[in-house]
Amino acid sequence: MGKKKLIIGVDGGGSKSIGAAADESGRVLAVYRGGGTNSYQIGAEQARRNLKEIMDGLERACGGACVLLSVGLPSLDTTADKATLRAFAGDVFDPERLILESDACMALEGMTVGDRGMIVICGTGSMALLDDGSSQRVAGGWGYLLGDPGSGYSIALAGLRAAIRAWEGTGPETALADRAMAYWKLNQPRDLIGLIYDPACGPDTVARFAGEVFALAEDGDGEAENIIREETRLVAWQAASLLQSAPGVEKVGLYGGIFQHQPLARQLFADALRARLPGRSIQIVKPEYPPEIGAVIRGFKRLGTLNDTRLANLKTSYYALSEAAQKELRVES
């Protein structure tokens, strides 16, 4: 018997990437977590290596061979052109069996399966993508240096800056000062410089401090509350700017670690978005399929074999693999 033919979808990220392999019937056979695939942060060579590790791991787990690899990359805004596709494929992947789109495109596919809607992603970075049925438009996604409001990195950096102001007496007192000392295991505040500027300290490492900012906001720390409110307002206004140009789009999906794990972020985002668009019937929804399955769906579309049966198989088999995967998708309005 020959090897199973696999359609592999990958949700690429800055700190981690998740791949899923489905057989030709749409049954998801395995999920694999690997390293980041943002070539702006780690370079194209390392991104390729991490992606190859995910593909190889899924092939081994399933006892199959990948016939189509569909990838959402955080370093893209839309579908890769032929030159970009060939350059990324290098001598590692077959460009004829490779789909490269933005990670937001795959997340949106998982929410709408090609219908109208908008996805807003807040993880290590942030980005919003809207599809009005005739075109796609993007807001955010500028990267950690130029600014991704609402992202883990942006929130963490704002928290550290508030701590620095408190240390130096140029800003309000805040529990962020003591929390930063403890979290980063500092003997003195200026030890933070060496840690943050160490080349080994990437955006994903900094972004983890966002969880401490959220915890203090929940405890009532004024500076932490202001940071979370301002960051979610900015990303909500980015989303609103897209929706203003598409009056027929009312469905907004939320994804990424910040929205998945921080109820406060979801609530403040929803409040700010609706306040910015009074009179609009905005629906905040959870994506029906995660981005890696959105990438698999895009693969089946490329092959011309997507149908209701395969969609149903993708959903039931994916959630049967891991109860945790279903919990990760839960987004409340």
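Residues are numbered from 1 along each chain as its sequence is written, and side-chain values rest on heavy atoms, with hydrogens and water left out. Because the model is predicted, local features need pLDDT of at least 70 and side-chain atom pairs count only at pLDDT 80 or more, while totals for chains, interfaces and linings use all residues.

**The largest pocket**

Begin by selecting Gly-13, Gly-14, Gly-123, Thr-124 and Gly-125, which are the closest to the centre of the largest pocket among the 49 residues that line it. A pocket here is an open set of points on a 1 Å grid over the protein atoms alone, where a 1.4 Å probe fits and protein lies on both sides within 12 Å along at least five of seven lines; lining residues have an atom within 4 Å of a point. The volume of this pocket is about 1,200 Å³, a volume being the space filled by probe spheres set on the points, which are joined across faces, edges and corners.

Next, colour the elements that each supply at least two residues of this lining, among them strand S2 (16–22), strand S7 (126–131), strand S8 (136–140) and helix H9 (210–218). Helices (H or I, at least four residues) and strands (E, at least two) are DSSP runs, numbered from the N terminus. Helix H11 (residues 257–261) gives the largest share of the lining, four residues. By class, the lining holds 18 nonpolar, 22 polar and nine charged residues, where Ala, Val, Leu, Ile, Met, Phe, Trp, Tyr, Cys and Pro count as nonpolar, Asp, Glu, Lys and Arg as charged, and the others, Gly among them, as polar.

Stay with Gly-125, which is found in the loop between strand S6 (117–122) and S7. Gly-125 is partly exposed, with a relative accessible area of 27%; buried means under 20%, exposed over 50% and partly exposed in between, with a 1.4 Å probe and protein chains only.

Now select Ile-164, Leu-192, Ile-193, Ile-196 and Tyr-197, which lie nearest the centre of the second largest pocket, out of 22 lining residues. This pocket has a volume of about 530 Å³. Helix H5 (152–168) is one of the elements that supply at least two lining residues, as are helix H7 (191–197) and H1, and H5 has the largest share with seven residues. The lining divides into 16 nonpolar, two polar and four charged residues.

**Aromatic rings**

For the next stop, show the rings of Phe-259 and Phe-269, whose centres are 5.3 Å apart with 70° between the planes, an edge-to-face pair. Rings of Phe, Tyr and Trp (its six-membered ring) pair if their centres lie within 6.5 Å, and planes under 30 degrees apart count as stacked, over 60 as edge-to-face and the rest as tilted. Phe-259 lies in H11 and Phe-269 in helix H12 (residues 263–276), so the pair ties together parts that are 10 residues apart in sequence. Phe-259 is buried at 1% relative accessibility, and Phe-269 is buried at 0%.

Tyr-318 and Tyr-319 have ring centres 5.2 Å apart and planes at 75°, so this pair is edge-to-face, and both tyrosines are buried. Then select Tyr-183, Trp-184 and Phe-209, which ring pairs link into a cluster.

At Trp-237, display two arginines: the charged end of Arg-233 sits over the ring, 4.3 Å from its centre, and Arg-276 lies over the face at 3.6 Å from the ring centre. A charge sits over a ring if NZ of Lys or CZ of Arg is within 6 Å of the ring centre and within 35 degrees of the ring normal.

Turn to Thr-37, in the loop between strand S3 (28–35) and H1, which is buried with a relative accessible area of 0%. Its side chain is joined to that of Ser-17 by a polar contact of 3.1 Å, that is, a pair of N or O atoms within 3.5 Å, in which, within protein, one must be able to donate a hydrogen and the other to accept it, and residues adjacent in sequence count only if both atoms are side-chain atoms.

Finish at Lys-185, in the loop between helix H6 (175–183) and H7, where phi is near 55°, a positive value in a residue other than glycine. Lys-185 is exposed, with a relative accessible area of 72%.
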